[in-house]
Amino acid sequence: EDAGIEVDAPRVVITAPFDGTTLLTLDPLVTGQVFDLVPDNTVRIVVDGAEPGVEIETTRAGRFEHRLSLAPGRRTISVIAEQGGVRGEASVTIRVDTFVVTRNGRFILGENEFRFAALTMPGLLDLAVSDPEALDQVLAQAEALGARVIRTRAYDDRPNADSVIQTSPGNYADTGLAALDLVIERAGNYGLKLLLSLGDGGTRYGGPDQYLRWNGNRAPVPGDRGQFFIQGELRNQFKSYVRTMVTRVNGITDVAYRSDPTIMGWIVLDDPDLEGAFATGTGAELQNFMDDLSQLIALNAPDQLVATGDPGFDTNPDSYGMSAMTLASGGAAGLFDGRHQASWQNNMRLRRVHFALLTLAPSLLDLRGDANAVSNMGAAWIRGHATLAALEGKPLVVSAQLDTFLHTWALRQDILANWFDEVFSLDLAGFALGNFYANGQETEMDTAAWSWVPGSEVGEERNEYTATFRRLANDLAEASSD
């Protein structure tokens, strides 16, 4: 090589993938050509600026192709050619993702098992309306904590709320819909999967009582809620809402919700409360409702998963064995006596229900006693349902939350750690911890609220679960890669 000879900078062209595209794969093939190469050169590919990247080969004409293996999300791919102290570079920014599927009782993402830590984040719609920058920040926090899935609302039936989506049956608010578009788009950029709930099973965001009010019942009582679940006008109104949501085209990405792999799955209702709604106690009415709705979702969004969202109540303790006995001895026999008008196992077995979801919230389940009693009953609640889900070959996700007025900070840590160990030892698919909010977001109505400020000390107010959640996320991520 002759000293003092100047070498022209190489020119890099990436021919695929195109800048700004979304690819339904986690293994994109990068192709292109480097012009003006001299024999002494290096060509490498760098993802998201993570130098030094990987050196790749080129043909004599400078052509290259290289297959990457990427995590879901927004990724910047750069091809850098260097020779004689000068360099050329080209970059594209793309989004890669693929749908989560179920196989043999497991979630599968790409070619790998997908076990995950999730965060339940009920306040995302509100943030998307009031402070999109804070929405970005809290999703970045979720990613930094190790969350891979977010459970959040795709509903708001409160006519006067800022984030309202449905103002009356079949009438929609552009602000709420645009907020949901933004939540989905931003989550996809961070590589976070979404479990989107389609309705409130209680009353906080509307729920069945709101449908009753819309249909002329100005002061509904629990016994009236059965009208929402049986075949009839109210159920049809909810079905229309569900169909509208799963087929909606995102106004930001121009991708239909049902075609967006950011949406891992749909939850029919969040923790439906039917106590007092029917006289039978068999759970048949809720089962018929869930069968109807799960078929509707599966028909309109065949690439996405469906869960019912009922908490785990049942009509007979026999199938739950020793777990039911442990709960009964702690005063929680009512979880399996039919009073809640639900049979979790029958709903979970429905053909179009792809995975099981179990709520573990002491206040909802009325788990009482000292921390050791609550911990043991919660573990029994997990074990009993895990056995039934395994027999049906369906993945189980445990969705847990602890009210801050229960016990002390240290004892709540112990309870949560015990529940997580149960999930891990049973080889369950996922664990969702709630309720996670942006720091400073209004949460006075939510006694299970927690948040995180990067760099803050564990143990600060509303920051108590950070270390435990990170351990959970790391352990489940490592288990997925084994």
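## Sheets, helix packing and loops in a predicted model

User: Which pLDDT must side-chain atom pairs reach to count?

Analyst: Residues are numbered from 1 along each chain as its sequence is written, and side-chain values use heavy atoms, with hydrogens and water left out. This is a predicted model, where totals for chains, interfaces and linings use all residues, local features need pLDDT of at least 70, and side-chain atom pairs count only at pLDDT 80 or more.

User: How many bridges link strand E17 to E18?

Analyst: E17 spans residues 263–267 and pairs with E18 in the parallel sense. Gly265 has Leu305 in E18 as its bridge partner. The pairing of E17 and E18 runs over three bridges.

User: Is strand E20 largely enclosed or left open by the rest of the structure?

Analyst: E20 covers residues 396–401. Buried means under 20% relative accessible area, exposed over 50%, and partly exposed in between, with a 1.4 Å probe and protein chains only. Five of the six E20 residues are buried, so the rest of the structure leaves this strand largely enclosed.

User: Which residue of E21 is the bridge partner of Gln401?

Analyst: E20 runs parallel to E19 (residues 356–360), joined by five bridges. Leu358 stands opposite Val398 there. E20 also runs parallel to E21 (residues 430–434), again through five bridges. In E21, the partner of Gln401 is Gly434.

User: Are helices H11 and H12 roughly parallel or roughly antiparallel?

Analyst: H11 (residues 371–392) and H12 (residues 409–425) pack with axes 9 Å apart, at an angle of about 20 degrees. Angles under 35 degrees count as roughly parallel, over 145 as roughly antiparallel, 65 to 115 as roughly perpendicular and the rest as oblique. H11 and H12 are therefore roughly parallel.

User: How many nonpolar residues does the contact of H11 with H12 have?

Analyst: Contact means heavy atoms within 4.5 Å. H11 supplies residues including Val374 and Ile382, and H12 supplies residues including Leu411 and Trp419. Ala, Val, Leu, Ile, Met, Phe, Trp, Tyr, Cys and Pro count as nonpolar, Asp, Glu, Lys and Arg as charged, and the others, Gly among them, as polar. The contact has four polar, two charged and, for the class asked about, eight nonpolar residues.

User: Which residue in E11 stands opposite Leu109?

Analyst: An open sheet of three strands has the order E9-E10-E11, with antiparallel pairing. E9 (100–103) and E11 (112–113) are its edge strands. E10 (residues 106–109) pairs with E11 over two bridges. Opposite Leu109 stands Asn112.

User: What is omega for the cis peptide bond between Gly434 and Asn435?

Analyst: Asn435 sits in the loop between E21 and helix H13 (466–481). Another cis bond joins Ala16 and Pro17, with Pro17 in the loop between E1 (11–16) and E2 (22–23). For Gly434 and Asn435, omega is about -5 degrees.

User: What is the phi of Asp427?

Analyst: Asp427 lies in the loop between H12 and E21. Its relative accessible area of 32% makes it partly exposed. Asp427 is not a glycine, yet its phi is positive, at about 60 degrees.

Key:
Pairing = 2+ DSSP bridges. Helix = DSSP H or I, 4+ residues; strand = E, 2+ residues; numbered from the N terminus. Axes fitted to C-alpha atoms, helices over the stretch in contact; angles between N-to-C directions.
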